[in-house]
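Visitor: I have a few questions about this one. Can we go through it piece by piece?

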Amino acid sequence: DMRIFYEGSFFALLNPYALLCGLLSVAMLVMHGAAWLLVKTDGVVAERARRFGMVAALVVIVLFALGGLFLWIGIDGYRIASAIDVEGPSNPLLKTVEHSAGAWLANYG
């Protein structure tokens, strides 16, 4: 029935990649909030929002790049091994996949 259930522990969810994604999400929210404040205010508040936004934007760029490298090098993925019928139905049950290192980004090639 193609339903996914998680059977691991809660603390297994706190792996380094998940924590990196959490930090990236917080940095993006700070950047977005600073941009909104910069548009809606002026003076001292706008200047402070601009400084926080610039720092948050740099943090977002660095964490996003680290996340991409971690995904490419550190996490095994799945590669589509069967032929893809572009004119047929998009049914995942008709596909065959294989587990291999660095395969997350191979499907975009």
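Visitor: Which residues of helix 1 are buried?

Guide: This is a predicted model. In it, the buried residues of helix 1 are Leu20, Leu24, Ala27 and Ala34.

Visitor: What covers them?

Guide: Helix 2, residues 44–74, is part of the cover over the buried residues of helix 1. Take Leu20: leaving out residues up to four places away in sequence, Leu20 touches Leu63, Leu66 and Gly67.

Visitor: Which residues make up the largest nonpolar core?

Guide: Five residues: Leu20, Leu24, Ala27, Val60 and Leu63. Helix 1 and helix 2 are the elements that give two or more residues to this core. The largest share, three residues, comes from helix 1. As a general matter, nonpolar side chains in soluble globular proteins tend to be buried together.

Visitor: And Val30, buried or exposed or in between?

Guide: Val30 counts as partly exposed, because its relative accessibility is 39%, and buried would need under 20%. Val30 lies in helix 1.

Visitor: How far apart are the end C-alpha atoms of helix 1, and what span should I expect?

Guide: The end C-alpha atoms are 36 Å apart. Helix 1 has 25 residues, 16–40, so at 1.5 Å a residue it should span 36 Å, which agrees.

Visitor: What happens at the start of helix 1?

Guide: A side-chain oxygen of Asn15 comes to within 3.1 Å of the backbone nitrogen of Tyr17 there.

Visitor: Switching to rings. How many aromatic pairs?

Guide: The count is two aromatic pairs. One is Phe10 with Phe11, edge-to-face, at 5.4 Å centre to centre and 75° between the planes. Phe10 counts as exposed because its relative accessibility is 56%, and Phe11 also counts as exposed, at 66%.

Visitor: What about the pair with Tyr17?

Guide: Tyr17 and Phe70 are stacked, with 5.6 Å centre to centre and 15° between the planes. That pair links distant parts of the chain, since Tyr17 is in helix 1 and Phe70 is in helix 2, 53 residues apart.

Visitor: How accessible are Tyr17 and Phe70?

Guide: Tyr17 has 24% relative accessibility, so it counts as partly exposed. Phe70 has 33% and also counts as partly exposed.

Visitor: Now the strands. Where is Ser82?

Guide: Ser82 is in the loop between strand 1 (76–80) and strand 2 (97–101).

Visitor: What is Ser82 in contact with?

Guide: Leaving aside neighbours within four places in sequence, Ser82 is in contact with Leu94, Lys95 and Thr96. A polar atom of the Ser82 side chain lies 3.0 Å from the backbone nitrogen of Thr96.

Visitor: Back out to the whole protein. What pattern does it follow?

Guide: There are two helices and two strands, and along the sequence they follow α-α-β-β.

Visitor: What about the radius of gyration?

Guide: The protein has 20 Å, whereas a compact globule of 109 residues would have a value near 13 Å. Along its principal axes, the C-alpha trace spans about 60 × 40 × 30 Å.

Visitor: What percentage of the residues count as buried?

Guide: Of the 109 residues, 14% count as buried.

Visitor: And how do the contacts divide by separation?

Guide: Among contacts with a separation of 6 or more, 58% are between residues 24 or more positions apart.

How values were computed. Residues are numbered from 1 along each chain as its sequence is written. This is a predicted model: local features need pLDDT of at least 70, side-chain atom pairs count only at pLDDT 80 or more; totals for chains, interfaces and linings use all residues. Side-chain values use heavy atoms; hydrogens and water are left out. Helices (H or I, at least four residues) and strands (E, at least two) are DSSP runs, numbered from the N terminus. The expected span of a helix is 1.5 Å times one less than its number of residues. Buried means under 20% relative accessible area, exposed over 50%, partly exposed in between (1.4 Å probe, protein chains only). Contact means heavy atoms within 4.5 Å. A polar contact is a pair of N or O atoms within 3.5 Å; within protein, one must be able to donate a hydrogen and the other to accept it, and residues adjacent in sequence count only if both atoms are side-chain atoms. Rings of Phe, Tyr and Trp (its six-membered ring) pair if their centres lie within 6.5 Å; planes under 30 degrees apart count as stacked, over 60 as edge-to-face and the rest as tilted. A nonpolar core is a set of buried Ala, Val, Leu, Ile, Met, Phe, Trp, Tyr and Cys residues joined through side-chain atoms within 4.5 Å. The radius of gyration is taken over C-alpha atoms; the globule rule is 2.2 Å times the number of residues to the power 0.38.
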